[in-house]
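This report concerns a single predicted model. Please consult the sequence and the coordinates while reading the sections that follow.

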Amino acid sequence: VLEPTAEHPITINPTGTRVVVRVNGEVVADTYEALQLQESTYPAVQYIPFKDVVQDRLTRTDTSTYCPYKGQAGYYSVTTAADTVEDVIWTYEQPYPAVAAIAGHVAFYPDKADISVETA
């Protein structure tokens, strides 16, 4: 388990505006309660409450990855009228204490989904 440091900071803050996610052009998530996670020099990631994702479009997959800062991630595919996009969502169901705020939230890969963050 690695803790965020000055050399590898992680901050989590409310996004503060509406976030809409589309997969194959279909809205699969819509929320005003997203959290923005900024990790080191990586692009910011929107973590969306699981309750604000269209549940009947999701299929849990066997994919799993590990982050020493956040923990074990599970994945979901999203099925739309057009196609199924594999492993488009990841989630840390039991994140490490330093990032506990993202529990109950999911994130979408920006190369597999259109993530729209409204300007304030």
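Which residue does the side chain of threonine 80 join in a polar contact? The partner is asparagine 24, and the contact between the two side chains spans 2.8 Å. A polar contact is here a pair of N or O atoms within 3.5 Å; within protein, one must be able to donate a hydrogen and the other to accept it, and residues adjacent in sequence count only if both atoms are side-chain atoms.

The model is predicted, with local features needing pLDDT of at least 70 and side-chain atom pairs counted only at pLDDT 80 or more, while totals for chains, interfaces and linings use all residues. Residues are numbered from 1 along each chain as its sequence is written, and side-chain values use heavy atoms, with hydrogens and water left out.

Threonine 80 sits in the loop between strand S7 (71-79) and strand S8 (84-91); strands are DSSP runs of E with at least two residues, numbered from the N terminus. Its relative accessible area is 6%, so threonine 80 is buried (buried means under 20% relative accessible area, exposed over 50%, partly exposed in between, with a 1.4 Å probe and protein chains only). Leaving aside residues up to four places away in sequence, threonine 80 touches Val23, Asn24, Glu26 and Arg57, where contact means heavy atoms within 4.5 Å.

**Nonpolar cores**

A nonpolar core is a set of buried Ala, Val, Leu, Ile, Met, Phe, Trp, Tyr and Cys residues joined through side-chain atoms within 4.5 Å. The largest one has 17 residues, and Val21, Val23, Ile48, Val53, Val88, Ile89 and Phe108 have the most contacts inside it. Two or more residues of this core come from each of strand S2 (19-23), strand S3 (26-31), S7, S8 and strand S9 (105-108). Apart from this core lies another, of 13 residues, including Leu35, Tyr47, Ile102 and Ala107. In soluble globular proteins, nonpolar side chains tend to be buried together.

**Salt bridges**

A salt bridge is a side-chain nitrogen of Lys or Arg within 4 Å of a carboxyl oxygen of Asp or Glu. By this rule there are seven salt bridges.

| Pair | Closest N and O atoms |
|---|---|
| Arginine 18 and aspartate 30 | 2.5 Å |
| Arginine 18 and glutamate 118 | 3.7 Å |
| Glutamate 93 and arginine 60 | 2.5 Å |

Arginine 18 lies in the loop between strand S1 (10-14) and S2, and aspartate 30 lies in strand S3, so this pair ties together parts that are 12 residues apart in sequence. Glutamate 118 is in the segment after strand S10 (114-117), so its pairing with arginine 18 ties together parts that are 100 residues apart in sequence. Glutamate 93 belongs to the loop between S8 and S9 and arginine 60 to strand S6 (residues 58-67), so their pair ties together parts that are 33 residues apart in sequence. Through shared partners, salt bridges join Arg18, Asp30 and Glu118 into one network.

Arginine 18 is partly exposed at 26% relative accessibility, as is aspartate 30 with a relative accessible area of 31%. Glutamate 118 is partly exposed at 37%. Glutamate 93, with 45%, is partly exposed, and arginine 60, at 39%, is partly exposed too.

How values were computed: Helix = DSSP H or I, 4+ residues; strand = E, 2+ residues; numbered from the N terminus.
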